[in-house]
Amino acid sequence: MKVKSKNPAGYGLVAPYWIHFALFMAYPLIFSLILVFHKWDVYTPMQWVGLGNFIRLFKDDLFFQSLLNTLLFLVIHIPLQLVVALLFAVLLNEKIRARGFFRAAYFMPVVISGVVISILWQQLYSQENGVLNLLLTHIGLPKVPWLTSPEWAMPSIALMATWKNVGLYIVLFLAGLQTIPGYLYEAADIDGASAWQKFRSVTLPMLNPTVLLVMILSTIGGFSLFIEPYMLTGGGPMNRTLSAMLYIYKQAFYFNRMGYAATLGFFFALLILGVVLVQRKIVEQEPE
Amino acid sequence: MILKRIALYGLLMLGTVLFVYPFVWMIFATLKPEMEIPMFGLWPSRFTLQHYQQVFAKIPIGRAFLNSIVVSGSITASVLIFSSMAGYALSRLQFRGKNLMFMLILFTMMIPFQLTIIPLYVLMVKLHWTDTYLALIVPGMMSGFGILLFRQFFQTVPQALLDAARVDGLNDLQILFRIVWPLSRPVLITVGILTFMNSWNEVLWPLIVVRKAELMTMPQLVTIFAVGGMAEAQLGVKLAAAFLLALPVVVAYGIFQRYFIESMASSGLKG
């Protein structure tokens with residue numbers, strides 16, 4: 001017996017998803033198009049301001065500062081993440097005992113809430129009593145103002161985020177490494193290639209798709225940066241760790257500027273989509 | 001060769017220390033007297049539970065734990081049920097517009113949350129859902145990503161089984177929950193773990209829609225405790241609250257470690 005060719009049950013089973021989508025995605029999307037043309041504090045009636053929110057956005061130095069901060073985070077976070085993840089993935093791909101143990105250990109920070117990580121690192125980064133500065137002093141180096149100096153604060157947060165997320169990317173790279181066929185290395189051996197040459201000419205090109213996947217995922221993650229600066233610095237010092245998401249949050253919930261916050265979110269989301277689409281284009285252009 | 005092996009294991013161990021020692025240090029720090037926390041070593045002059053006593057005295061953390069269980073549990077149950085229904089329809093039933101619908105679901109997954117989060121909050125206000133469980137649970141009840149994973153897995157279920165069930169007079173819901181579900185443990189665990197962990201760790205949305213302490217989820221309450229001045233700059237108390245927040249996930253990770261890693265690697269999504 002074959003499945004009936006037109007089965008109305010199919011629609012019924014997918015319907016909950018679409019009803020939910022209509023209420024909690026489509027409706028907010030449409031409403032955001034109304035919101036961006038209004039000034040609104042939630043309590044009093046909405047006020048039409050035309051393009052006022054957009055004009056304000058383009059004059060808002062603090063918003064562009066927050067975009068730059070987010071960009072700085074990505075510029076440090078992504079390369080660091082790629083290098084560290086690749087290093088440990090290559091080590092794990094050797095013939096070793098207890099691979100599962102090491103993999104589980106590196107993955108541990110990935111599953112733990114960013115709130116926990118932030119509280120822990122706030123101590124580690126503390127200027128006077130932090131464990132990291134104690135270690136530095138112990139080996140005769142000067143203390144680092146991890147979160148208190150405008151220059152160090154965002155790099156410190158990027159370092160912490162890398163420590164938290166890198167386990168996931170180690171696992172992704174390890175999976176990528178295991179798909180590389182052994183005969184490619186055998187062929188390189190016959191040609192007398194050194195270990196480094198094999199890494200450069202076989203491993204890296206074969207890992208290209210994984211590299212780009214890791215880049216896209218950490219870009220999306222980086223654009224969502226919120227709880228770490230919220231907890232560690234509140235966006236300071238001198239607004240240097242104010243991420244775009246934190247700025248939108250503050251506009252909406254500290255100042256009750258819903259119209260303006262929605263406009264910022266709208267603009268920021270377009271930016272994210274643009275960046276991800278560009279990255280996807282690059283993926284598609286890759287040979288293979 | 002032996003030297004190379006030693007270097008290899010040395011680096012691997014170094015990595016283990018790098019990623020795990022901070023957590024071990026944190027657990028011991030919560031048991032130290034406040035003055036002894038800023039030390040690299042683990043062992044204090046005496047052990048104390050005072051930080052935990054203070055956490056329980058100052059904030060309703062037990063209540064927050066229950067709130068988190070209710071919220072994450074409802075979301076996970078809902079995602080498992082509704083995503084598997086849609087995944088089943090999209091993989092095993094024939095209906096007009098099926099492929100288009102699947103493409104649309106993939107498309108909806110690309111919408112950045114930054115676009116909808118403010119208007120979604122406004123919707124919660126209009127529905128009078130702020131400071132209720134509804135605001136915490138309902139927006140997270142569906143997952144396009146769950147549908148994707150279920151659809152993929154259900155394509156491997158043998159057609160003969162479904163046909164036999166249909167001959168026995170079972171309808172589609174009965175086939176899904178009685179025949180297909182028992183065969184789908186791996187995908188149920190994968191979607192279950194991902195959904196539960198993501199909603200357990202979610203903190204931005206609760207910060208937005210809940211202000212009443214008795215409705216706060218655990219990460220939210222701990223966040224507000226740590227940054228809101230209630231911890232009075234006492235490190236031990238903050239770390240103790242953080243450890244209580246991490247504990248359930250760490251225990252689950254200890255048991256389902258392999259599933260955690262494989263689910264998240266297959267998804268490539270993070271919390």
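This is a predicted model: local features need pLDDT of at least 70, side-chain atom pairs count only at pLDDT 80 or more; totals for chains, interfaces and linings use all residues.
Local features require pLDDT of at least 70 and side-chain atom pairs pLDDT 80 or more, whereas totals for chains, interfaces and linings use all residues. Residues are numbered from 1 along each chain as its sequence is written, chains are lettered from A in the order in which they are written, and side-chain values use heavy atoms, without hydrogens and water.

**View 1. Helix α5 of chain A, residues 114–124.** Helices are DSSP runs (H or I, at least four residues), numbered from the N terminus. Ten of the eleven residues are buried, so α5(A) is largely enclosed by the rest of the structure; buried denotes under 20% relative accessible area (1.4 Å probe, protein chains only). Among them are A:Val116, A:Ile119, A:Trp121 and A:Gln123. At the start of α5(A), a side-chain oxygen of A:Ser113 comes within 2.9 Å of the backbone nitrogen of A:Val115.

**View 2. Helix α7 of chain B, residues 144–154.** Because eight of its eleven residues are buried, this helix is largely enclosed by the rest of the structure. The buried residues include B:Phe145, B:Phe150, B:Arg151 and B:Phe154. B:Ser143 caps the N-terminal end, with a side-chain oxygen 3.3 Å from the backbone nitrogen of B:Phe145.

**View 3. Lining of the second largest pocket.** The volume is about 760 Å³. Of the 19 lining residues, A:Val90, A:Asn93, A:Glu94, A:Tyr185 and A:Thr203 are the closest to the pocket centre. A pocket is an open set of points on a 1 Å grid over the protein atoms alone where a 1.4 Å probe fits, with protein on both sides within 12 Å along at least five of seven lines; lining residues have an atom within 4 Å of a point. Helix α9(A) gives the most to this lining, with five residues.

Note on methods
Buried means under 20% relative accessible area, exposed over 50%, partly exposed in between (1.4 Å probe, protein chains only). Helices (H or I, at least four residues) and strands (E, at least two) are DSSP runs, numbered from the N terminus. A polar contact is a pair of N or O atoms within 3.5 Å; within protein, one must be able to donate a hydrogen and the other to accept it, and residues adjacent in sequence count only if both atoms are side-chain atoms. Grid points are joined across faces, edges and corners, and a volume is the space filled by probe spheres set on the points.
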